Amino acid sequence: MGKKDKEQGLETFLKSEFLGELKNETPTGSILLEKYPLKAPFSYANIIQNQETGSLSYQIDETKLSQSEQVIYNQLYQLIEENIDSPENIEENFGFMSFVNKILKENEKLFLDQPKGSIEKVKYYLERDIDGFGEIDPLMQDPNIEDVSCSGINSPIYVWHRKYDSIPCNVSYQDEKLNSFVSRIVFRAGKHISSAYPISDLALQGNHRISVLYQKEVTPKGTSFTIRKFKQDPYSIVDLITFGTISVEIAAYMWLLMESKMSIMVIGSTGSGKTTILNAITGLINPDYKIFSVEDVSEINIKHENWFSLISRTGFGSEGEGEIGLYDLIKSGVRHRPDYIIVGEIRGSEAYVMFQAMATGHGGLCTMHADSLESASKRLQQKPMDIPASYMALMNCAIVIRRVKGIDGKGVRKAISIQEIKDANTYHDAFKWNPKADYFNPALEDSEMLRRISEQSGRDMEEIFSELKRRETILKWLVQRGVRRYDKVAETVGKYYRDPDALMKEIEFSV
């Protein structure tokens with residue numbers, strides 16, 4: 001029997017074991033809209049709606065430990081504490097569950113009489129509490145949740161659900177538990193937080209990002225945090241087309257720009273989807289290009305072989321000695337001769353270095369907090385960025401992304417405009433979203449960028465538009481076949497760069 005068969009057999013056994021256990025009941029006056037597994041058969045998510053108010057809530061439904069199981073939990077927890085620092089365990093470099101199984105095997109006489117189901121439940125709670133995120137670990141297992149936020153003690157944790165937007169959860173922290181959780185998480189990330197340094201922004205295991213405010217130094221409600229979850233399977237350009245965030249025509253247009261090493265800026269407010277768009281369009285870059293990404297906290301998630309990821313570093317001590325900022329990283333990156341420099345977010349002096357790099361022929365991608373290209377342009381030309389007006393045209397294109405209300409009233413992300421930058425004050429709307437028709441109106445006849453591509457490549461505009469149509473055909477083919485995984489989309493893009501005729505024949509024969 002293979003490992004997969006064993007796991008499936010164990011899960012079937014556990015489901016039958018826990019089938020009769022009391023689960024969280026739907027509150028009176030509410031209905032269960034949806035239920036799905038988080039880490040079956042131990043934890044599930046229930047989406048509840050109050051029938052009177054219509055409000056939604058997210059309920060974590062976990063199997064509970066009985067008194068006898070709590071005793072087993074305490075015994076194993078103590079054994080883990082006693083053994084976790086031994087040199088033998090460090091050398092063997094066990095995964096956490098392998099380590100727990102090793103402890104169980106070494107002490108099997110203590111647990112011989114315990115039911116298999118009880119042992120598995122205890123292992124689930126040990127992994128949750130020691131190696132995971134404690135009480136909010138089930139939320140971190142839910143791929144539908146984008147972020148998790150806690151505003152203080154005795155306040156319900158809120159989650160941002162991809163389907164239901166912002167909803168409260170049935171988890172809250174009491175008193176010192178919140179401080180203990182935050183201290184443990186920050187310490188595990190190799191950082192420090194205290195009353196002297198109460199603000200921290202760092203990357204967690206799994207590349208999730210957490211922003212922490214500690215104690216009542218800067219917030220009267222006490223310790224609070226927000227975790228921005230990192231998606232292991234990043235959205236591709238095909239996903240954005242399927243979601244209606246952009247159109248096939250926009251994606252094909254962006255593909256042409258990326259091939260010509262043109263610079264693109266993604267503009268939007270917090271949570272609008274700037275980094276998601278940035279990740280997706282990066283998949284259109286030639287796979288042979290060298291990419292350098294520069295960030296404060298790791299959020300860029302791309303599947304590109306020739307990719308250098310640089311993360312800034314805070315200084316040490318009261319004077320911040322040894323600090324390495326975005327400015328230093330971009331300066332270093334330029335010396336490596338990348339084809340594209342990606343900056344997670346520009347907001348300071350690093351913007352000037354990036355624009356200088358674009359002036360020397362490097363392609364640039366970045367995000368920026370602003371509600372429009374006009375306001376972004378003003379910010380760029382003022383302190384601390386100080387970009388001269390004459391440099392503004394080095395940023396060839398701006399994508400303005402916004403979270404808007406869809407027809408069903410739910411929040412959706414839309415690229416409301418794709419604007420070409422001719423100079424500091426002159427822009428051309430290559431595409432503009434029409435909210436009434438939910439349609440992206442193209443205006444490529446007067447496209448400055450396509451004209452430049454024509455001049456650089458020696459092809460006339462008719463050939464450029466023909467090339468645009470070919471790429472639309474490829475993207476439509478991927479959408480129709482359901483090929484959405486980032487690596488598979490990038491693989492198809494790479495095929496087209498290397499042998500376009502062969503790929504077009506493959507598409508023609510498959511239709």
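**Helices, sheet and cores**

Helix 4 and helix 6 cross in a right-handed sense in this structure, which is a predicted model. Helix 4 contributes Phe-96, Met-97, Val-100, Asn-101 and Leu-104 to the contact, while helix 6 contributes Ile-119, Lys-123, Leu-126, Glu-127, Ile-130 and Asp-131.

Turning to the strands, six of them form an open sheet with antiparallel pairing, in the order 6-5-4-9-8-7. Strand 6 (165–168) and strand 7 (199–203) are the edge strands, each pairing on one side only, and neighbouring strands of the sheet are turned against each other by 15° on average, direction ignored. Within the sheet, strand 4 (residues 145–150) pairs with strand 9 (residues 224–228) in the antiparallel sense over four bridges, and Val-148 stands opposite Ile-227 of strand 9.

Which residues touch the most other members of the largest nonpolar core? In this core of 62 residues they are Ile-237 and Tyr-253, and the largest share of the core, 10 residues, comes from helix 10 (residues 248–259). When its neighbours within four places in sequence are left aside, Ile-237 is in contact with Ile-246, Ala-251, Ala-280, Ile-281, Leu-284, Leu-475 and Val-489. A second, separate core has 34 residues, among them Ile-157, Tyr-173, Ile-185 and Ile-210.

Key:
Residues are numbered from 1 along each chain as its sequence is written. This is a predicted model: local features need pLDDT of at least 70, side-chain atom pairs count only at pLDDT 80 or more; totals for chains, interfaces and linings use all residues. Side-chain values use heavy atoms; hydrogens and water are left out. Two strands pair if DSSP finds at least two bridges between them. Helices (H or I, at least four residues) and strands (E, at least two) are DSSP runs, numbered from the N terminus. Axes are lines fitted to C-alpha atoms, for helices over the stretch in contact, and angles run from 0 to 180 degrees between N-to-C directions. A nonpolar core is a set of buried Ala, Val, Leu, Ile, Met, Phe, Trp, Tyr and Cys residues joined through side-chain atoms within 4.5 Å. Buried means under 20% relative accessible area, exposed over 50%, partly exposed in between (1.4 Å probe, protein chains only). Contact means heavy atoms within 4.5 Å. A crossing is left-handed if the near helix is turned anticlockwise from the far one by less than a right angle, and right-handed if clockwise.
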